[in-house]
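Dear colleague,

Please find the structure below, handed over for your study.

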Amino acid sequence: MSSKSRPPAGSAVKSSPKAGAHPVRNSTMPNPNISGQKGRISNGAQIIVDTLIELGADTMFGYPGGVVLPLFDRLYDAPINFIIPRHEQGGCHMADAYARASGKVGVVITTSGPGACNLVTGLATALMDSVPVVALTGQVRTELIGNDAFQEADTTGITRPVTKYNCIVKDVKDLARTIREAFHIASTGRPGPVLIDIPVDVSVAECSTASSAKMELPGYRVRTKGNARQISTAAKAINKSEQPVLYVGGGVISANASDELKALAEKAHLPVTMTLLGLGSYDQSKAESLDMLGMHGSAYANYAVQECDLLIAVGARFDDRITGKVKTFAPNAKIIHIDIDPTSISKNVRVDIPVVGDAKDVLTELTKEVEYRERKPWFKKIADWKKKFPFRYDDSSSTIKPQYVIEELCRQTEGKAIITTGVGQNQMWAAQFYRFSRPRQLISSGGLGTMGYGLPAAIGAQVAKPGATVIDIDGDHSFNMTMTELSTAVENKLPIKVCILNNGYMGMVRQWQELFYNKRYSKTYLANPSYATVAEALGAVGITVEKAADVPGAIKKMLVQKRPCVVDFRIEREENVWPMVPTGKSLNEMDGLDILESMA
Ligand SMILES: Cc1ncc(C[n+]2csc(CCOP(=O)(O)OP(=O)(O)O)c2C)c(N)n1
Ligand SMILES: [Mg+2]
């Protein structure tokens, strides 16, 4: 890379902040307001560790390298649970899932150049799903920046589009403050990943400890309280509505607002549908749950959205997998949109009543003003759709149906496990057939759809919740992408379970080829290893299941393992996910309903 494309050495590289973030001042500028300047003399690496501990980060994920040696030296005997992945992408997914499962900020540390570059997919995954992750990357010495130094990469440049905010710290005096700011920006407003790049000379430079340095974010404002008038207008619309639908996204979970959501749904008597990331925010065992909506959502949710007269979106962003054809999305509905991120309002779909604020706060206020209405005809219609088009599969065959595996998993874990997923059919079946009842129970890459997320995510979730049963429902090819992380699980004695729905195919892509490319299965079949043998070689337990009759026993065996356990379910090869709204179609134009009906 030419040095021309780089900022001159000595300048700070700033990202343009994303939704909800605002520019922070140049971190190389002298900062006269640092408090705590009088403390003991420390080096940059020690300041990093002290500040992280002060911020409550007792668990981190990371991989060492040359320019982070000073930092790793300080981590040697620090009171931190430090997990070393086998690849930095895995480390970033672990930090991300740790954050999703715990509600805390996930921290990942890597070296410069290749280490930092390996974070990109993980950061993009966290950005798309609004997950608070702080990444600390080492950088070459300040004087070498722009010289194509060994293991130099323009980390802030490369990660600018995949972070909520990033910067490089060039003065040790700014370190503590910048780390505090990173945690604040990552976890407030619409959460997201923040990266701080730290040249090695800054890590070894000495300064008086400034770990209590105050944040200086004059331009960063987060509006948590919703506008009272807008809330009243929303309440009136709800009270007037004959056919309302609550459409809930991951924002409700990240705002810890599930109780407030339940209170609103119960008081006003509203049916609730959730996005993939919203699953768990509302108990699916309730009659008012319409389960997931969208491309592979339930027919009853999609019909309800298309026929509703009022759509109340909370912490959701009208992603194209949800709306189908935007022009004909919820054609009869007035739309209320409650979101912390003002930039997502009316971005994809025109909104009638926007309310910018924290979901917990806004839902509390809104609930005070709503009234109960029975809405008998509407709930009758919904009950009829539910009866006619439940998620179904043909259970008459002796080959293993993936849906059956998930139903059985749900039965044996009493719907209480934390589920992570790969991407593809496995992910959609997990969303359709496991029944989620509490927030932070489903951990899945929604926005970016990152194959390879499931296994490292299970590790991050298990670290966050050591007592929980954590199951990765994965695809064979998703698992292939990061399966080396099984070693991380083994080394750290994490009893995660991996259920590979092994169809031999990149199943979701094959499904599209079947439906839209005349069954020309171009490059979607790859030879797989014996996963049980791989698992055993890496120190985990491996089980292969080839017959439907063996599914319950294998799951039972898996659930009692103390070591990580991989179960390779050889499933029906060409099973499809139904229903399906083809790209460009309206939500009510679902394929596969006839197939589902024929199985009744
Ligand atoms: C990193 C990455 N590369 C490519 C894709 C495109 N893609 C989406 S689903 C899929 C197939 C997934 O196969 P598998 O993990 O076996 O899951 P299945 O659909 O068979 O359950 C592919 C290639 C992706 N989502 N992520
Ligand atoms: Mg597959």
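**The magnesium site**

Asn-503 counts as buried because its relative accessibility is 4%; buried means under 20% relative accessible area, exposed over 50%, and partly exposed in between (1.4 Å probe, protein chains only). Tyr-505, at 10% relative accessibility, counts as buried too. Before going further, please note that this is a predicted model, in which local features need pLDDT of at least 70 and side-chain atom pairs count only at pLDDT 80 or more, while totals for chains, interfaces and linings use all residues. Residues are numbered from 1 along each chain as its sequence is written, chains are lettered from A and ligands numbered from 1 in the order in which they are written, and side-chain values use heavy atoms, with hydrogens and water left out.

Asn-503 (OD1) and Tyr-505 (O), together with Asp-476 (OD), coordinate the magnesium ion (ligand 2) at 2.0 to 2.1 Å. Donors are N, O and S atoms within 2.8 Å of the metal (3.2 Å for Na, K and Ca); water is not among the atoms, so sites may look incomplete. Along the sequence, the spacing of the donor residues is D-x26-N-x1-Y.

**The surroundings of ligand 1**

Ligand 1 is surrounded by 17 residues, and the closest are Gly-449, Asp-476, Ser-478, Gly-507 and Met-508; a residue is near a molecule if one of its heavy atoms lies within 4 Å of it. This shell divides into seven nonpolar residues, nine polar and one charged. Here Ala, Val, Leu, Ile, Met, Phe, Trp, Tyr, Cys and Pro count as nonpolar, Asp, Glu, Lys and Arg as charged, and the others, Gly among them, as polar.

Helices H17 (425-433), H19 (476-482) and H21 (507-516) each supply at least two residues of the shell, and H19 gives the most, with four. Helices are DSSP runs (H or I, at least four residues), as are strands (E, at least two), numbered from the N terminus.

Taken alone, ligand 1 exposes 590 Å², of which the protein buries 77% (Shrake-Rupley method, 1.4 Å probe).

**Helix H3**

Of the 15 residues of H3, 14 are buried, so this helix is largely enclosed by the rest of the structure. Just after H3, Gly-103 takes a positive phi of about 85°.

With kind regards
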